[in-house]
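Student: Could we go through this structure together? I would like to begin with the terms.

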Amino acid sequence: MLKIGVLVSGGGTNLQAILDAMERGSIRDASIEVVVSNKTNAYALERAKKHGIPTRCISPKDYDSRQAFSEALSEALSAFQVDLIVLAGYLVILPEGIIRSYAGRIINIHPSLIPSFCGDGFYGLKVHEAALQRGVRVTGATVHFVDEGTDTGPILLQKAVEVRSGDTPQVLQRRVMEEAEWIILPKAIDLIAHGKVRVEDGKAILLEQ
């Protein structure tokens, strides 16, 4: 059984997609052990509580140093014996110590087709605003492994989404979530749970599905 820790900052729609996929059997042999947020008022924490999942609020603002924050987060994840960390709308840069400790065991969902509209400053609505300003015809979402860079880790899954005439950033954001994020994030977790992914030479390789 793959033990998962989900890190969130906001409403938790991707967390809900994972929970729904588990309930319908699209994700098998995996369980969410803890949901951690950097914000006490994140609705994602309420979603977790409704499913009986333990929650923790660990914010960098509550610690005197980055090291102290890293240690607190590490202790929480270790306490629940987490095998995989899933960043589901987590707006805090992970401490390097966590990235090293969980190398190859952290995935993130990003609302664009990396390498487009990613890196420093590209998060949330800003990604979709940039896509519309650039005039792209296709956008999408990417699940990737996390390394020390920003959105630079090996790409695991991607799914394209059409950009339509008259789209606003909010409308496009919703479509990307519904047609891409909520599909490929659960799929990625299921693949990992069943040993269908290997990272080699900086690339994520999908084994026989």
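Tutor: Buried means under 20% relative accessible area, exposed means over 50%, and partly exposed lies in between (1.4 Å probe, protein chains only). This is a predicted model, in which local features need pLDDT of at least 70 and side-chain atom pairs count only at pLDDT 80 or more, while totals for chains, interfaces and linings use all residues. Residues are numbered from 1 along each chain as its sequence is written, and side-chain values use heavy atoms, without hydrogens and water.

Student: Is R164 buried or partly exposed?

Tutor: R164 counts as partly exposed because its relative accessible area is 40%.

Student: Which residue forms a salt bridge with R164?

Tutor: That partner is E179, with the closest N and O atoms 3.9 Å apart. A salt bridge is a side-chain nitrogen of Lys or Arg within 4 Å of a carboxyl oxygen of Asp or Glu. The pair links distant parts of the chain, 15 residues apart: R164 is in the loop between β7 (155-162) and α6, and E179 is in helix α6. Helices (H or I, at least four residues) and strands (E, at least two) are DSSP runs, numbered from the N terminus.

Student: And what network does E162 belong to?

Tutor: Salt bridges link E162, R164 and E179 in a network.

Student: New topic: what does the side chain of R47 make a polar contact with?

Tutor: It pairs with the side chain of Q16, at 3.2 Å. A polar contact is a pair of N or O atoms within 3.5 Å; within protein, one must be able to donate a hydrogen and the other to accept it, and residues adjacent in sequence count only if both atoms are side-chain atoms. R47 lies in helix α2, and Q16 is among the buried residues of α1.
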